[in-house]
Amino acid sequence: VSTLRTRTRLVKLEARKDLIRTETLNGRTFVVAPVVPLVEGSHNNEFISFEEIAVFPEAWDGRPLPIDHPHDENGQAVTAGSPAVMESSVVGFLFNVVAREDLRGISGEIWVDIEKAATVPGGTEVLRMLNAGEGLEVSTAYYTFIDNIPGEWKNPDGTIEKYTGSQTGVRPD
């Protein structure tokens with residue numbers, strides 16, 4: 001029996017000053033940086049295959065980019081696309097997402113609205129770090145089904161990772 005779950009995946013955005021640029025969208029200026037939000041592997045003790053990740057990478061385009069993990073008053077995870085979260089902590093969006101066989105995952109760009117980031121706690125620091133070429137931790141959130149069938153996966157480096165189930169039907173948030 002598969003169960004629907006919300007999952008997050010913490011990744012390190014390795015900002016390179018030579019890859020950071022500015023763009024204008026709808027009259028607003030954005031700092032744009034490359035990111036790899038999800039790759040094949042065992043995450044949170046659950047396996048996700050490249051084939052699952054690569055089904056429809058365009059579904060990730062336009063996903064909101066909040067500062068921190070959005071949650072309700074009870075501490076439960078909520079969608080970053082809600083009006084309240086969009087107003088209080090979203091500073092940009094994920095765009096230009098493609099599936100990449102060389103990464104066995106997806107890559108894209110984060111677009112950070114400079115004006116909005118100045119109004120959100122932590123937004124100014126994110127811009128400072130990007131512009132300085134410093135690394136930045138980024139969390140990818142998505143909904144997925146978990147089949148609860150344990151298994152093992154061999155990493156590209158040859159190590160074996162055990163997992164408690166596989167993720168399917170990924171829906172980005």
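The model is predicted, so local features need pLDDT of at least 70 and side-chain atom pairs count only at pLDDT 80 or more, while totals for chains, interfaces and linings use all residues. Residues are numbered from 1 along each chain as its sequence is written, and side-chain values use heavy atoms, with hydrogens and water left out.

We can start with the rings. Six aromatic pairs turn up in a search of the whole structure (rings of Phe, Tyr and Trp, the last by its six-membered ring, pair if their centres lie within 6.5 Å; planes under 30 degrees apart count as stacked, over 60 as edge-to-face and the rest as tilted). One of them joins Phe-93 and Phe-95, whose ring centres are 6.0 Å apart with planes at 35 degrees, so this pair is tilted. Phe-95 also pairs edge-to-face with Trp-111, at 5.3 Å centre to centre and 85 degrees between the planes. Because Phe-95 lies in strand 7 (residues 90-100) and Trp-111 in strand 8 (residues 105-113), the pair ties together parts that are 16 residues apart in sequence (strands are DSSP runs of E with at least two residues, helices of H or I with at least four, numbered from the N terminus). Trp-111 is buried, at a relative accessible area of 10%. Together, Phe-30, Phe-93, Phe-95 and Trp-111 make up one aromatic cluster.

Five strands, in the order 2-3-8-7-6, form an open sheet with antiparallel pairing (two strands pair if DSSP finds at least two bridges between them). Its edges are strand 2 (21-25) and strand 6 (63-66), each pairing on one side only. Strands 7 and 8 pair in the antiparallel sense over seven bridges, and Val-98 stands opposite Ser-107 in strand 8.

Helix 4 comes next. Its buried residues include Gly-123, Val-126 and Leu-127, along with Met-129 and Leu-130. Viewed down the helix axis, the buried residues of helix 4 fall within an arc of 165 degrees, so they line one face (the arc is that of the directions from the helix axis to the C-beta atoms). Gly-133 follows helix 4 and has a positive phi, near 75 degrees.

Finally, confidence: the protein chain averages a pLDDT of 88, and 91% of the residues score at least 70 (pLDDT is the predictor's confidence in each residue, from 0 to 100).

Key:
Buried < 20%, exposed > 50% of the residue type's maximum accessible area, 1.4 Å probe, protein only.
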